[in-house]
Amino acid sequence: MGLVQRAIEAAGVPTVGITLQKDITLSVRPPRALYLRYPFGHPMGEAFAVAQQRTILRDALRALETVSTPGQILEPGYRWKRHRFA
Amino acid sequence: MALGTLGNRVAVQLFKRLPWLGDAWARRRRFVRSTSVPWTPLRRPVRECTIALVTTAGVHLRSDAPFDMTDPDGDPSVRVIPVDTPRGEVRITHKYYDHSAADRDLNVVVPIDRLRELAAAGDVGGVAPRIYSFMGHIDGAHLRTLVEHSAPDVARRLRGDGAEAVVLTPA
């Protein structure tokens, strides 16, 4: 996914990617990433967990505005099925 | 064949339930190593931007050909999903991850409803008209196709769609 992200960014459109695999992200180096220690197949969290999905999307969108170091990986640290999203 | 399918299903569940297994897999496998990082600054605040979604979770229209799951190097082609497509016309073809949650709620891999809610609330400027979808797990000769053709093609189409920023989601 990071390769697709890099191509879009290189074409002049800012990007942010959710990642569940930090080692890959550190290697491929997309411009902005949000890392979650979540199971594969759940980049936005659990099914029908609206507050959780919205929070993760908001975090990603905020990264577009706040990340100023290319390649930075943000880690909100949400614990799978434990964090309470408001 | 049946045994292979079963083995794959077991592996998919193990990778889902044991995060360290995925970490170990990633350390053993070779990934593209990049030194430089491409960078395009955001031109205006997110609340004024049209946002597009791109995924590598293997999502596609039922009416489109599914991704090729028989090639061990993956399928570097792209599927396009108009954002207003009825949910019943969208499906996921991907055997390397457990998409049972995403099958029930597409927002688990493509947060289209959440993005529309943010747009309605004025927190983002708008939603780009199309979602672009890959299958991920691309390797071998297909990596070149992805990097030199599919990905730049999607980048051009995103610009044509008026996308001012993109959120990408993996499987």
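In the predicted model, helix H5 of chain B (residues 141–160) has 20 residues and spans 28 Å from its first C-alpha to its last, close to the 28 Å expected at 1.5 Å a residue (1.5 Å times one less than the number of residues). Helices (H or I, at least four residues) and strands (E, at least two) are DSSP runs, numbered from the N terminus. Residues are numbered from 1 along each chain as its sequence is written, and chains are lettered from A in the order in which they are written. Local features need pLDDT of at least 70, side-chain atom pairs count only at pLDDT 80 or more, and totals for chains, interfaces and linings use all residues.

H5(B) bends by about 40° at B:Val147, the bend being the angle between axes fitted to the seven residues ending there and the seven starting there. B:Gly162, with a positive phi near 85°, follows the helix.

Contacts (C-beta atoms, placed from the backbone, within 7 Å) link 57 residues of chain B with 46 residues of chain A. To the side of chain B that touches chain A, H5(B) gives the most, with 9 residues. A:Val4 touches B:Ala151 and B:Val154, among others; both are buried in H5(B) (20 or more other C-beta atoms within 10 Å of the residue's own). Cover for the buried residues of H5(B) includes helix H1 (2–10) of chain A and strand E7 (165–169) of chain B.

Strand E1 of chain A (residues 15–19) pairs with E7(B) in the parallel sense over 3 bridges, where pairing requires at least two DSSP bridges. A:Thr15 stands opposite B:Val166.

Conventions
A residue is buried if 20 or more other C-beta atoms lie within 10 Å of its own, exposed if 12 or fewer, and partly exposed in between; C-beta atoms are placed from the backbone. Two residues are in contact if their C-beta atoms, placed from the backbone, lie within 7 Å. Lists of a residue's contacts leave out its neighbours within four places in sequence.
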